[in-house]
Amino acid sequence: MAELGIWNFDIKANELQWNDRMFSIYDYSLDIRGQGVNYQHWRNRLHPDDIEMAEKALQDSITFNIPYAPLFRIITSSDQVRYIQAGGQISFDKSGAAVRIVGINRDITEQRELEQTLRLAKQAADAANAAKSAFLANMSHEIRTPMNAVLGMLQLIQHSEMTRQQADYVSKAEIAAKSLLGLLNDILDFSKIDAGKLDLDLHSFELETVMRELAVMLATNLHNQNVEVIFDLDPSIPYLIEGDELRLRQVLLNLAGNAIKFTAEGHVIVGVRCNTIDVNQVNLTISVTDTGIGISKEQETKIFQGFVQAESSTSRRFGGTGLGLAITKRLVNLMGGELSLTSHLGEGSRFWFDLSFNIIELENSDIVIDLQGKHILVVDDSKMSRKLVEKNLTAHGADVNEAHNSHEAIKLIEKSISANNHYDVIIMDWYMPGGNGLETANRIQAMFPPATAPAIIMLTAYGAEVMEQTKHYSQQPFVSMLTKPVTANLMLEAVYQAINEVDNVPQTKKINSLALNGIKVLVVEDNALNRQVIDELLRLQGAIVTLAKDGTEGVKWVTQSNNQFDIVIMDMQMPVMDGLEATRLIRADGRFNELSILAMTANASIADKTLCLAAGMDDHIGKPIDMTLLIPCMLKLINKADVTQYRLTANNLDASLPDVVNDSDDDLIIENPESILRRFGGELAFFIDVKHHFATEMKQQLLLLTQAFAQQDGGAISRIAHTIKGTASNMGAKRLADFAATLEKNINNATADSNSDLNKKVVIDSETCLTEMQDHIDDSIRMLDSYFPDESAESTVAIVDKVGFFPTAIVNLDKIDRLMALLVEQNLDVIDYLEQLLSSGVPNEQWLRLKTQVSQLEFLDAVDTLKSILKE
């Protein structure tokens with residue numbers, strides 16, 4: 001009680017009684033006690049900013065009979081600020097009037113100072129942690145660029161003449177470089193998640209495709225013939241679901257990769273099971289189970305921390321940084337699940353998590369496989385593998401027998417021959433004790449007359465070795481080979497193709513009608529090439545398309561159209577008026593509240609989507625334009641019933657494409673050619689035409705960028721970089737798009753940091769930037785030419801080199817005279833007139849200077865420039 005100041009206030013007499021502690025708290029001498037302490041003594045010590053609050057609290061307590069417990073500051077005679085926590089109880093007379101308050105004061109200054117110290121320390125720690133994460137993210141990204149160059153050079157040198165010793169050195173250097181690059185990728189992901197900057201990219205995808213890609217990646221990691229990777233997939237998994245495909249694949253690859261790494265023998269099972277499923281959503285349990293070294297109970301909680309492994313010796317025995325599980329756990333959390341673990345030391349581990357996905361399409365109605373009445377033999381020494389294959393095949397009507405080795409398989413085949421009940425297909429594992437699959441397949445072929453043996457499908461985790469051994473046979477003893485792990489659908493397709501001797505599974509339904517037939521679409525996009533691309537892609541699907549080059553024109557089309565459009569596709573970033581402002585103006589007119597507006601932008605982030613929805617847009621889709629995503633989104637917005645029926649797959653492509661390019665490599669010049677062409681609806685001729693326009697467009701944008709740098713116009717540089725980014729993304733020119741995006745971001749950050757608008761002059765190494773931009777453009781065009789050659793024309797690179805600048809000679813002299821007259825008169829009509837004049841070609845530097853001078857109303861300078869052009 002010694003620290004409590006106790007006071008008694010007689011309201012009517014205005015007298016205060018204080019104990020000694022109160023005098024100490026308020027810094028009054030005990031001598032004034034004899035003179036009498038009153039209300040004014042207390043009020044005089046109150047902090048000026050707290051007087052009104054403290055007095056009101058006291059008055060409210062008296063008036064409304066509520067507890068008195070304010071926190072206020074006082075100032076002592078030595079100007080020291082103290083924090084006081086007060087409390088009091090009010091006494092009333094018989095008439096209900098307040099007569100006395102008895103209360104306490106407690107000096108909590110030290111407590112407040114301690115809290116403030118802790119608060120500042122926490123802020124400093126948070127800032128340091130954020131700075132660390134940002135540093136890790138930036139450094140890992142910066143190091144990746146030269147690392148990719150190192151890897152590229154190591155690959156190139158392997159194609160040159162080398163001694164065996166040199167080849168060994170280069171091979172080991174490449175392995176070390178890839179290991180370092182993997183570490184950098186882990187650090188980048190970890191730092192992004194740690195800083196809260198990693199967002200999910202939700203879109204529709206096929207889990208079957210994810211598993212097939214996972215199978216390919218795991219097969220490359222499987223070097224131990226004593227470990228088998230098995231997929232156990234629930235047949236009721238919906239065909240098309242919505243989620244972050246990339247992050248799910250990353251989680252599965254990490255968990256399965258770890259399981260393989262820490263399993264010396266046995267199996268690794270990747271399982272997906274449906275828990276609940278309804279019309280709109282499915283909940284899946286995804287698990288990875290192994291028979292590896294296991295994890296002790298005391299280490300189970302530690303392994304999910306960054307840079308930690310189960311034992312200090314583990315990283316030396318098995319390699320790795322310990323980042324994988326920390327990243328995986330956070331990614332699972334980000335997707336709405338919780339990564340769990342069950343493990344027994346020396347027996348193995350099981351990691352699993354539950355995730356919910358929106359269902360886009362429940363079944364793949366294009367593919368129907370019926371194995372009713374088919375007789376199939378499964379030969380595999382792994383009982384678990386046999387049971388999973390058997391379960392899948394019998395679910396589709398097949399009659400399945402099992403054999404655990406080649407000897408048993410031969411007996412069953414002999415029995416079937418005697419019963420005249422031959423097998424239609426034999427699925428055989430290649431690696432089995434007591435005789436491998438190839439030897440057994442060859443023996444089976446010899447048991448039948450030519451061309452009458454059952455179709456044999458070879459299963460193996462070692463495709464290269466199988467193909468090498470096959471060279472010793474005069475005829476390949478199997479019809480197809482599947483690399484383990486194998487998905488259920490892939491197995492079904494292989495069996496169907498083997499039975500029916502076809503290359504493709506039949507499609508029971510083909511889309512004969514145009515997906516957008518008769519739909520009226522307004523496209524608002526400032527970039528001419530992008531307008532052409534989306535215009536022709538939509539028209540190929542039957543849409544009636546109207547084009548607008550900026551937000552102002554888009555608003556005009558809508559408001560004067562009397563609801564003629566079914567949907568508006570609106571670019572977000574445009575000069576004159578951006579898509580957000582245009583949407584707000586459209587929504588302000590009540591006639592168009594039900595008009596569907598789809599945002600389209602190269603910045604497909606969560607923040608952008610939020611801005612779009614807030615402005616009144618209905619949905620958001622990112623560039624580059626991908627018809628497989630755009631059309632379903634459009635159909636959904638305009639409530640077309642056949643939205644789930646539309647699906648444009650790689651099977652629709654009319655072109656033969658080169659090998660797939662790995663899209664995960666951030667240093668790619670262009671994307672996977674298949675995905676590029678799929679984005680253009682599989683129309684190769686259309687893409688080649690657009691490719692030529694792309695070359696011309698990039699030449700013009702580079703000239704505009706040169707001019708913007710010369711004027712140090714940050715706003716123009718940002719806008720041009722944004723245009724290049726969007727156009728390059730549409731064409732699949734990944735490296736060019738990334739470079740333009742970086743330039744745009746750096747310019748925007750520079751102007752934001754200087755607290756000025758985008759028209760502020762910027763200082764940047766323009767020569768280096770322009771040179772690199774030119775190189776990226778040239779590289780992109782050469783790569784596009786190599787993957788999509790136009791046999792009937794010169795290469796696009798040649799076209800770019802020969803792109804004609806605006807030919808003054810072909811301009812009618814009357815038009816030149818008219819242009820000069822408008823400039824001399826300083827007539828504002830010259831802006832539109834010059835724009836129209838320049839639309840027939842690509843302007844050179846002189847004409848671009850003229851255009852800039854006119855747009856900035858520098859008419860006298862423009863006259864001089866036009867004279868100079870005429871002289872040349």
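Me: What kinds of residues line the largest cavity?
Reply: The lining divides into 12 nonpolar residues, 1 polar residue and no charged ones. A cavity is a set of points on a 1 Å grid where a 1.4 Å probe fits but cannot get out, and lining residues have an atom within 4 Å of a point. Asp, Glu, Lys and Arg count as charged, while Ala, Val, Leu, Ile, Met, Phe, Trp, Tyr, Cys and Pro count as nonpolar and the others as polar.

Me: What sort of model is this?
Reply: The model is predicted: local features need pLDDT of at least 70 and side-chain atom pairs 80 or more, whereas totals for chains, interfaces and linings use all residues. Numbering starts from 1 along each chain as its sequence is written, and side-chain values use heavy atoms, without hydrogens or water.

Me: Which residues lie nearest the centre of the largest cavity?
Reply: Of its 13 lining residues, these are W7, L16, W42, L58 and Y68. The volume of the largest cavity is about 140 Å³.

Me: New topic: how many aromatic pairs are there?
Reply: There are 9 aromatic pairs, meaning ring centres within 6.5 Å (stacked under 30 degrees between planes, edge-to-face over 60, otherwise tilted). One of them, W18 with Y26, is stacked, at 5.1 Å centre to centre and 25 degrees.

Me: Is W18 buried or exposed?
Reply: W18 is buried, because its relative accessibility is 8%, and buried means under 20% (exposed is over 50%, partly exposed in between; 1.4 Å probe, protein chains only). Y26 is also buried, at 0%.

Me: Which residues form one aromatic cluster?
Reply: F9, Y39, W42 and F72 form one.

Terms used:
Phe/Tyr/Trp six-rings, centres within 6.5 Å; stacked < 30°, edge-to-face > 60°. 1 Å grid on protein atoms, 1.4 Å probe; cavity = no way out; pocket = protein on both sides within 12 Å on 5 of 7 lines; lining within 4 Å. Points joined across faces, edges and corners; volume = space filled by probe spheres on them.
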